[in-house]
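Please look over the sequence and the model below. The report that follows covers strand pairing, a helix and the nonpolar cores.

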Amino acid sequence: MNHSKIHAPTDDAIRLAAQCLARGELVGIPTETVYGLAACALDPVAVAKIFAAKGRPSSNPLIVHLAELSQLSLVTAEPLDDAIAAQVDLLSVLWPGPMTLVLPRSSRVPDAVTAGRDTVAVRIPGHEITRRLIRQCGFPLAAPSANRSKYVSPTTAEHVAEGLHEHVAMILDGGACDCGIESTIVMLEPDGATLLRPGAITREELALRLGAPVRLLAPTTDDEDLVAPGMMREHYAPSTPIRFFDPTQLNDLPARCGRIAFSTPTSSGTQFSSETQCSSGTQCFEVFKVLSKTGDLDEVAKHLFAAIRELDAMGLDLILVDSCEPSGIGQAIMDRLNRATARIH
Ligand code: TXA
Ligand code: MG
């Protein structure tokens, strides 16, 4: 794989990245959630390159990344509706961080970014390198996750190079992402908030901050006019078939099978052991990946996409992945895995 465009985030590299972005080129950027594929958010020609590089439908809008709260009025309607502004005040304390707010837009934001909607998705990422880059640029950055459309999101600079090397001018290496799962997306309207995508900031936390319940989105379809256009059911899928691990179905597995476990299996586990033996005694897992020794779900989220990518590159017949309670960060983990396992092979 070609790593020649990956740069350590020195002052010079950040300056160079800002110059590339000002010229309308694409740059891979680190964030605390996943890596982004960035372009100048105010340049529709540059933004069009993002859609082409990802193979993303132009109906699926992008998130605009800011360096600080004072830049919000650059991209949102001015003034914001009072009831929306009050909610922004309560939630913006979570910035910089893994939260995206969908707000009424300013006409300064090109239609290419918002897919012609009257809202814009905004966030201040919790990665210092990228906030420095945005400050250096002097303009906001539109950035989706830096993966080919419908593939697993990237959590390292190498993942970005794997999928998009020929499309980027450079990739800033900010290390492995801390959260490992895309930001929580919340739409704010005068009558309250709606969760569009679960993430590390949970619905419970949002409701607590707002002092009001947060609505959930109705079940998704593939309709282009969805409120959350990127939330199609079949998303985040590796090319290898992937299913949830079921200890009662271990004797029917294909020849080359990998398993992603959320915690270290205990030796008292009934159906299998970490020696990767099935109950029948046959070797059933070619690879056995443990995401967190103790089953800590923050750690699971951090390592999940990298593990899926690693196993996907092994040419296995099947990947079996654990599941968890869909609460707290578990809601975001199960959201991504339900999508990944939804593909019919
Ligand atoms: O953590 C993240 O959010 C990462 C990093 C790079 O910031 N970005 C990311 O972008 O996940 P992307 O494009 O992969 O997902 C953005 C989601 C899509 O599902 C898109 O449909 C939704 O945000 N979105 C963007 N603008 C929207 C809008 N105006 N209304 C509703 N949904 C919107
Ligand atoms: Mg994405």
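## Strand pairing at His65

His65 stands opposite Leu141 in strand 7. This is a predicted model. Strand 4 (residues 63–65) and strand 7 (residues 141–142) run antiparallel, joined by two bridges.

In general, strands of a sheet pair through backbone hydrogen bonds, either parallel or antiparallel.

## Helix 7 and its cover

Helix 7 spans residues 157–164. Its buried residues are Ala157, His159, Val160, Ala161 and Leu164. Strand 1, strand 2 (27–29), strand 3 (36–40) and strand 8 (170–172) are among the elements covering these residues. Helix 2 and helix 9 (297–312) also belong to that cover.

## Nonpolar cores

The largest nonpolar core holds 47 residues. Met99, Leu101, Leu188 and Leu206 touch the most other members. Helix 2 (residues 44–54) gives the most to this core, with five residues.

What does Leu188 contact beyond its neighbours within four places in sequence? Leu188 is in contact with Ile84, Gln87, Val88 and Leu91, and also with Leu101, Val102, Leu103 and Ala193. In soluble globular proteins, nonpolar side chains tend to be buried together.

Notes. Residues numbered from 1 in each chain as written. Chains lettered and ligands numbered in written order. Predicted model: local features only at pLDDT ≥ 70, side-chain atom pairs only at ≥ 80, totals over all residues. Heavy atoms only, no water. Core = buried A, V, L, I, M, F, W, Y, C linked by side-chain atoms within 4.5 Å. Buried < 20%, exposed > 50% of the residue type's maximum accessible area, 1.4 Å probe, protein only. Helix = DSSP H or I, 4+ residues; strand = E, 2+ residues; numbered from the N terminus. Contact = heavy atoms within 4.5 Å. Pairing = 2+ DSSP bridges.
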